[in-house]
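Trainee: I've got a new model to look at. Can you walk me through it?

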Amino acid sequence: MASVNGRSLEGDINKQFYNYLGAYILVALSGCLGNVVDGIIVGNLINEDGVSAINLSKPINQFIFTLHLLINAGAGMLVAYALGKNNIDDARRFFSRALMLSTGIGVLLSIVGGVAFPDQTARMLCSNEHILPLARDYMQVLLLGNPAFILMWGLSTMVGVDGKPKLVSVAVIIDNVVNLLLDIVFIQCFGWGIIGSSAATVVGHLVGIAILLSHWWNPANRRLTLTFKLDGLFTSWQRIISQGAPLAIASISLTLLLLSANTIVLSTLGRTGIFAFAVCMNLLQVYNLFLSGTCQTLQSLGAIQVGKKNEEGLHTILRRAFRFITAAMAVTCIFVWVFPGMISRLFGADEPAMLSESSHALRIFALSFIPFCYIYVIMIVYKLYGQHRMALFISFALSLTVIPVIWVISRVQPDLLWYSYLIAYLIEAVAIYALHRLTHVELRLKKE
């Protein structure tokens, strides 16, 4: 009877895993597909420099996503822990305070970057005068609309944790359909140029937010409701930020990497190089589509199993996560190696030099992102098991290791610049393994 119950429990967890995985992969579309679609449409309706302008703007998008991870991803794990323990009051408190904090920071960023200093922000990220006007226009709308980005990702996390991943799926699908349609309408029909591509993404998120808010129309779904009690406010914010810190540090490190890599590639390889790099960064968005879905599923379902002290259930979720990410990376990598030219043309490449350089870079980056994905998932595993120091180490190393490697190669052997990411991630993998063995880390749930 025990074995039957065990199989039934594993079957339930498997079903939950794939339900959540599908929903969170679609949620990841909200963060990455907007950029990919913008790049494809801008490359074909404007020019290759428009694609480069979007890529030069990505440090801003990554910084906004960092704020989401710091606040909403951290709060989502705390909400999941509380729901796992059936502590509804704690779940509501963390939900409410995360919403307050993320909205406030988003509005502040809009005022500073989008209203007060849009020109200065653009010049900080783009040194090429030919691309600068396009980058400036795209960045300003991105900054003005950033509260919609944070709320869309944050509400998606909370609605998913509250047991409605299918509603999240619907919201994200409609969000991206609206974005795709308005991209064409705003750019081609209204003549807004690159501003239209950024505006379309913001409007799509607003539609997605409206759909997610319908979760609270049904009284049965109101486990997570707003509470405005201010006692212990700063303590709650401290716990939220502490919980989301490893993911946010990894993301801010990626922001610094994007900024540094854009600068080095632009100065070393010029317009051709920065376009090839932009196409590769769009390939990373595809990897992140699967990676983000896997990690969000691990955080939500894994945290619930941790709250229940269910080690077997957590192991089941971990096995499914590693199997899925392995299959997804293999399929993506094979596709890129077979069709690199087709991917480059998808983003508007027609000059022979740009086609050749981007195809060469794509194949190398397709391999480079494999160790990156594994390292990121392992960071989530350490976090779930309470090994915060290892998680923080990976957060710092994940992107910051690439910066010195790409700088050295650009000075010593510029022709090998595209191999910088692969070399850096392999170094990180060896360092993580060595540190794990030297510190005798144990991956076991702590007993209360």
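Mentor: We'll start with the whole chain, then pick out some residues.

Trainee: What should I know before I start?

Mentor: This is a predicted model, where local features need pLDDT of at least 70, side-chain atom pairs count only at pLDDT 80 or more, and totals for chains, interfaces and linings use all residues. Residues are numbered from 1 along each chain as its sequence is written, and side-chain values use heavy atoms, with hydrogens and water left out.

Trainee: How many helices and strands are there in the chain?

Mentor: The chain has 16 helices and zero strands. Both are DSSP runs numbered from the N terminus: helices are H or I with at least four residues, strands are E with at least two.

Trainee: And why is it called as compact as a globular protein of that length?

Mentor: Because its radius of gyration is 22 Å, close to the 22 Å that the globule rule gives for 448 residues. That radius is taken over C-alpha atoms, and the rule is 2.2 Å times the number of residues to the power 0.38.

Trainee: What box do the C-alpha atoms fill?

Mentor: Roughly 65 × 50 × 40 Å, along the principal axes.

Trainee: What percentage of the residues count as buried?

Mentor: 57% of the 448. Buried means under 20% relative accessible area, exposed over 50%, and partly exposed in between, with a 1.4 Å probe and protein chains only.

Trainee: What about contacts along the sequence?

Mentor: Take contacts between residues at least 6 apart in sequence: 82% of them join residues at least 24 apart. Contact means heavy atoms within 4.5 Å.

Trainee: Let's go inside. Which residues have the most contacts in the largest nonpolar core?

Mentor: Val79, Phe277, Phe365, Tyr376 and Tyr421, in a core of 147 residues. Helix α10 (residues 233-308) gives the largest share of this core, 30 residues. A nonpolar core is a set of buried Ala, Val, Leu, Ile, Met, Phe, Trp, Tyr and Cys residues joined through side-chain atoms within 4.5 Å.

Trainee: What does Phe365 touch?

Mentor: Leaving out residues up to four places away in sequence, Phe365 touches Phe277, Cys280, Met281, Leu283, Trp418 and Tyr421.

Trainee: Switching topic: where is Leu417?

Mentor: Leu417 sits in the loop between α15 (402-412) and α16 (420-439).

Trainee: Is Leu417 buried or exposed?

Mentor: Leu417 is buried, at 2% relative accessible area. Its contacts, not counting residues up to four places away in sequence, include Ile264, Val265 and Ile406. From Asp12, Leu417 is 405 residues away in sequence and 47 Å away in space, C-alpha to C-alpha.

Trainee: And which helix holds Ala424?

Mentor: Helix α16. Ala424 is buried, at 0% relative accessibility. Beyond four places in sequence, Ala424 touches Thr401, Val402 and Val405. Ala424 and Ser368 are 56 residues apart in sequence, yet 9.0 Å apart in space, C-alpha to C-alpha.

Trainee: Now some serines. Where is Ser344 found?

Mentor: In helix α12 (residues 340-346). Ser344 counts as buried because its relative accessibility is 0%. Apart from neighbours within four places in sequence, Ser344 is in contact with Phe275, Ala349, Leu355, Ser358, Ser359 and Leu362.

Trainee: What about Ser110, buried or exposed?

Mentor: Buried, with a relative accessible area of 8%. Ser110 lies in helix α4 (residues 88-116). Setting aside residues up to four places away in sequence, Ser110 touches Val115, Leu143, Leu144, Asn146 and Pro147.
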